[in-house]
Structure formats: C-alpha cells, structure tokens
Amino acid sequence: MKKIFTSVAITLLGLYAAFAQNKISNREGTRQIHLDFHTSELIENIGSEFSKVQFQEALKTAKVNSINIFSKGHHGWSYYETKVGKKHPHLNFDLLKEQIEACHEIGVRAQAYYTIGWSAKDAREHPEWIIKDKNGKEIWFGSGLDDDIRKGEKLYPFYSWATLSPEGGYLELILAEVEELAKNYDLDGFWFDIVPFQYPNYSELGMKDLKANGVDINDAKAVERHHIKKMKVFLDKTREIVKKYRPDASIFYNWTTHFSIPQSLDYQLEQYNTKLDLEDLPTTWDGYDLFPLRAKYYGNLDMDYVAMSGKFHTAWGEFGGFKHKDAIWYEAASMVAFGANVNFGDQLHPSGKMDMGTYQNIGYAFDYVEKIEDYGIGADHEATVGMWFANKKEFDEGLTRMLLENQINFVMASNRKDWSGIEVVILSGGVELGPTDVKRLQNFLDNGGKLLVMGKSALDKKNKKFHFDLGVKYKGEAAYDVDYTIVGDKISKNLVRSPFLNYEPSFRVETEKGTEVLAHLREPFFNRRINSYSSHQNTPYQSKNAEHPAVTKKGNIVFIASDLSKGYFELGARVHRDLFSNSLSLLRTSPMVEVDLPSAGRINLLHQPDDKRYVLHLLYASPHQRGQAQVIEDIVPLYDVPVSIDLNKQIKKIYAVPSMKPVAFEKSGTNYSFNVEKLEGHTGIVFEY
C-alpha cells in the first residue's frame, strides 16, 4: 500500500511540476503574436491541416509567450462553437478551443480576437447596421471601389469592408457573443478590433437615435459627443461582461491608441483598456519614427504597452509577404529599447497550418528579445528634454525626427506628472495651450525651467499676445510667401552663413528691449504670382535684414518664428534640423546623455529603480525607401561610438547587454564617458548604482 501511495504521490508531484512550469502568467506577454484569420466562405476545408503539435512547435520555435487568436474575423464568421453567431460554414470543429488548449499546454497566454467595425456577413444580412455619413453615403474601408459596382453586384464580403456601429441590434449581438466566449472559453484576454470612434452615424437608425436624444444633427461637435457616449456604452458593457467571467483577463480596444484618430485622445478612451497595444506596420504605414513618439506618450500612462508590427512587407494580413529576419530583429530590439512588450503579426493559412518560415524568422528576433527584455520592457523613460504633444501629425512627427536624428533623448512632458528631471520643454508650432498648461509651464519657468518655442505655440487664441515673456511682441502674419534665415555666431554650427530658405514664411514679431537676436530674416523682393515671378521656384531675397527676427533669446526662452518641425516633416532640409539643434543647445546646458551617431542612429535611456539601474539603448539601421515600402536590409556595424552620460548617481558597474561584458570608462564627478566598441544594430549599456 505504501508503495502504491508513493507511486501516486510521485505522479502527482510530476503533474504539478509540469503544471507549474507551464502555468499561464497574468503578466502581459513579452514576446507576442497577433494571428490574423480573416477567412472567406469561398474557401473550403477550413482548419483541415490544423495540428496541435505543429501549432505548438511553431510557437516554441519562435519563443512566443502570448498570442491573439481569432474568435470572429472581418468576414463575419466565428471559429468556435457558437449558438449566437455563425461558425464558418467550412469549419467542422472548434478551432478556438483547440488553439487555447494548445497554448495553455505550453504556457502561452491566449487572447481572443473579435472584430467590431468590419464584419461582412453582418453587413450583408443587416445593411441597416452600416454607418452612413451626413450625406447618406455608407462608410467603407477599401480602395478603388465604385459604389455602383459594389452595390450593383452585392460584393460586400470580397472587395472591401463596410463599417458597422456597435449600437442597437448589432450591439446586442456583440454582447451575446462576448458573453458566450467569456463564459465558455478559458481565455486570458480579449482583443477588440476596429472600434469606429471617428465615425458618427447618420444612418436611419443613427438619425432616429440623434433625434430621440435631442441632438442637433447640424452641430458636428454635439453629434460627435453623442457618438462617443454610445461608444462608451459599448466599451462599458463589453468590459463588464469580460470581467464578470474572466476577472484577470486583459482587454484592449483597437483604435484607442492611434494618433490618427483624434477622438481617442480627445476623450481619453485609452483608459478603457487594461493594456495598450500600439498597432503599426512601419514599412508602409508611417515609417520607423512614429513608434518612438507613441512609446514616449503612452509610456507615461502607467499601463503595460505593446509595440505591434508584422512579419508582412506591404500590408497587414498579407499572405506570402515577408520582411527579412534582420528587419524583424531590428524592430523587436527597438521595441524593447523604448520600453515596450513585443508583438509581430502573422496570418494563419485557411488550412490551419502554421508557416514555419515565419516562426523561424520571428524566433530569430525573439531569441534576442528574450536576452534583453529584462533591461527594457516596462522601464521608465528618462531625459532632461521634454516634448509637448500637439496631436498634429506634421508637427509632432517632424519634431520627433529632429530629436531622434540628433540623438537628443526626450520624454513626453505634456502628459507626464513628474517634471523634476526636465531642463527644457519644447513647444512645436502646432501646440495649442489651455489655461492649465500655461499655468504649469509658467510655474516651470519660475522655478528655473527653460522653453524652446516655435511658431505660434505660445500665442493666445486671439493672436494678440504671448502666454510667456518671450521678449517679443506679435505684429502679424507674414507679408510674403517665403522668407530666408541668416544665422548669427551663437547658432551657426554646421550651418551656412548665407540666407537659407524657409519654405513657409515666419510670422512677424517685434523685439523688445533686452532680447537677443540670434538669427535674422530676409524677405523676398515680391510674392511669386502669375504676373510677378523670377526664375523657377521662389523669388530671391533682398540684401538687407527684415525688421522682424527669425530667432531670439530672452532669459530661459529661445523663440523661433517659423514652424521648423512642420517644415522638417514635409521637406526634411538639414539646415532646419541644424538650426533647431543649435537653438536647443543654448538651453540644454546639462545634457544627461550625449552620443555621436549618424542621423539614422537612435538612443533611449530607461530607468529601472527597483533594480537600481539605468539602461542606455543604442540602435543603428538605415531604412531604404523602395517603392511604397521602407526596407531595413543592411545591419552595418559601427565601431568606437563615443558616449557621455551624467546620471547624478555614483555608478557601481557599467556593462553591455546582451554580452554582459564590462565597459571601460573614464569618470569625472558623476559624468561617465566611454566608447562602445561595436554597435551592430542594437546594444544596451547598463549602469548599476
């Protein structure tokens, strides 16, 4: 009997050990996959080649610890046993259940993907659920579609996606399906896609609702507010259902974190998530410099955030499209360098068989992520330069590029609570300050802070006076279509001393007593018009300086009269970037980090107070524009990269990750200087204190 008991005990201990090893963590996954499965009813034998073993082998090959799998996709079909919706007509088993079990057996988190805004079957069966604009036109997503072709041949599911609003009968369907999933499936989270925050609904259903609630349909802002109110009902109810059955489940609503959807930011809709996924595809969306900007913004919100890209070359869900594994590796390293969990998108073949080439490529990157993730993900961003978020693409991204390309490390000041480490705040020309913002910035100035102001960012809404003492008075808009900047000695580094062109003119200010002029403006002889022109493009400049300046300084404020960030975003003239960095250098007298890299080099400093360490991440790869895509191809090594860092700490140890090799350095007070012997794509330098 004792022998039998011992044998049983050993077996139970073995099972427990196996369970403990594969226990599903409540933490956000560090190495994630977003597995699309938008599959048409025209394709038969759905999932016929699905194998739990092969599915697991793919995930293990790529070292995946979290995956978003499909419960319902854009074609409107479900991939589980549903009594509310409709399972894909050519799927004869519960694919979702099989995938969840396969994940949990190997310790991988499994979140259910569920589409909201695009569901072709639901649009086809209930055209009254489709959102219409104020002119009565249906909102569709797609290109090259003619209304007559689309409606005449009823090709709803195959050419584009109609956009549906989660209200009325459609909301009832969504809630019933979400409850079915949360109640019946062992899910670790929900990933809701395409939530149409930006599309107020003027359909017959929507108009009836607006009138019933006394909303003036000609008041666009009132309509928008009512629309967001309805979206919040959807958010509240789905969240309530998930938490009822799955209290530890993660929840994310896509389109709450896209800067291109202003309603999400204006109404702070990101608060409905338990974590923040930053969906992107830098090759063909907005390039490689948008993610750092989003990481700086969302890194202040005290939530896990996940950087999302794809294995694809041109578009999400692209079958047979591949990035090179080096590009995936570089993107993954960048995600960790900016404090984010890592997610790469794939699309499952209709057969249900995982593409092993994809998971070998992702595994190449995730193997590296596993080595460095403890030195980046979830850490705090640290910098002495603060950027003010304008929520205007050309201004925000233009300023971000000028900072990144000069390796000027920065944090997002506008939504950051603690400014104690910030020396300079930058206001791009697109910033519009509210009363609370003005008060906070004035208090910052009063306590020794510094401002770099560009364009009209410090001007009141009536265009009469500046919020702060810039040392200039506003005199009016530019009198000419272009103008030219001619710099003085203090900001002349790397710049020509000849007048250089501002493609958009600077507005006019009058200098007050005690204000230093750092750069002058030259105006053209005349505006270029059809009957007044000279040469090919722009009228040449006059020989004398204009009465109004280009760049001034008074006390702790440098003012630049032109919108350099917008101009740099649109045209990328290096003279404008150098003018910006030279002007900033007059204020940034105590840089925390200085690194000498080519303009494609990127840096980011993270702080991990619980571990008593800082980590400086250095990145270098140069995307090439090839057709519509930005391609990272050559990971070129750099040698002996000089670094200087002042952390105001007594550092005990400096070493590189992932090599863990010690770094030789020279010390002067709290400043440490050294050379990075070799930078090949990415390295992290750890400073333990």
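1. Two strands are taken to pair if DSSP finds at least two bridges between them, and helices (H or I, at least four residues) and strands (E, at least two) are DSSP runs numbered from the N terminus. On that basis an open sheet of five strands has the order β11-β24-β25-β32-β29, with antiparallel pairing. β11 (380–381) and β29 (653–657) stand at its edges with a single partner strand each, so one side of each lacks a neighbour in the sheet.

2. This is a predicted model, in which local features need pLDDT of at least 70 and side-chain atom pairs count only at pLDDT 80 or more, whereas totals for chains, interfaces and linings use all residues. Residues are numbered from 1 along each chain as its sequence is written, and side-chain values use heavy atoms, with hydrogens and water left out.

3. The chain has 17 helices and 32 strands, and its C-alpha trace spans about 95 × 65 × 45 Å along the principal axes. For 689 residues a compact globule would have a radius of gyration near 26 Å, and the 28 Å of the chain agrees with this; the radius is taken over C-alpha atoms, and the globule rule is 2.2 Å times the number of residues to the power 0.38.

4. Helix α12 lies across β24 (601–608), β25 (613–620) and β32, and runs at about 150° to β25. Here contact means heavy atoms within 4.5 Å, while axes are lines fitted to C-alpha atoms, for helices over the stretch in contact, and angles run from 0 to 180 degrees between N-to-C directions.

5. The axes of α12 (residues 325–337) and α13 (residues 356–372) come within 8 Å and cross at roughly 30°, and the two helices are therefore roughly parallel to each other (angles under 35 degrees count as roughly parallel, over 145 as roughly antiparallel, 65 to 115 as roughly perpendicular and the rest as oblique). The contact includes Trp 329 and Val 336 of α12 together with Tyr 364 and Tyr 368 of α13. By class it has eleven nonpolar, one polar and two charged residues, where Ala, Val, Leu, Ile, Met, Phe, Trp, Tyr, Cys and Pro count as nonpolar, Asp, Glu, Lys and Arg as charged, and the others, Gly among them, as polar.

6. The axes of helix α14 (residues 393–405) and helix α17 (residues 574–585) come within 10 Å and cross at roughly 75°, which makes α14 roughly perpendicular to α17. Leu 399, Met 402, Leu 403 and Glu 405 of α14 meet His 576, Arg 577, Phe 580 and Leu 584 of α17 in this contact, whose residues divide into five nonpolar, one polar and two charged.

7. An open sheet of nine strands has mixed pairing and the order β13-β12-β14-β15-β22-β21-β20-β17-β18; its edge strands, β13 (411–412) and β18 (500–502), each pair on one side only. At the β18 end, strand β17 (residues 483–487) pairs with β18 in the antiparallel sense over three bridges, and Tyr 484 has Leu 501 of β18 as its bridge partner.

8. Strand β31 (residues 671–679) pairs with strand β28 (residues 638–646) in the antiparallel sense over eight bridges, with Leu 679 of β31 as the bridge partner of Leu 638. Three bridges also join β31 to strand β30 (residues 666–668), again antiparallel. β30 and β31 form a hairpin with two residues between them, and Gly 669 in the turn has a positive phi of about 70°.
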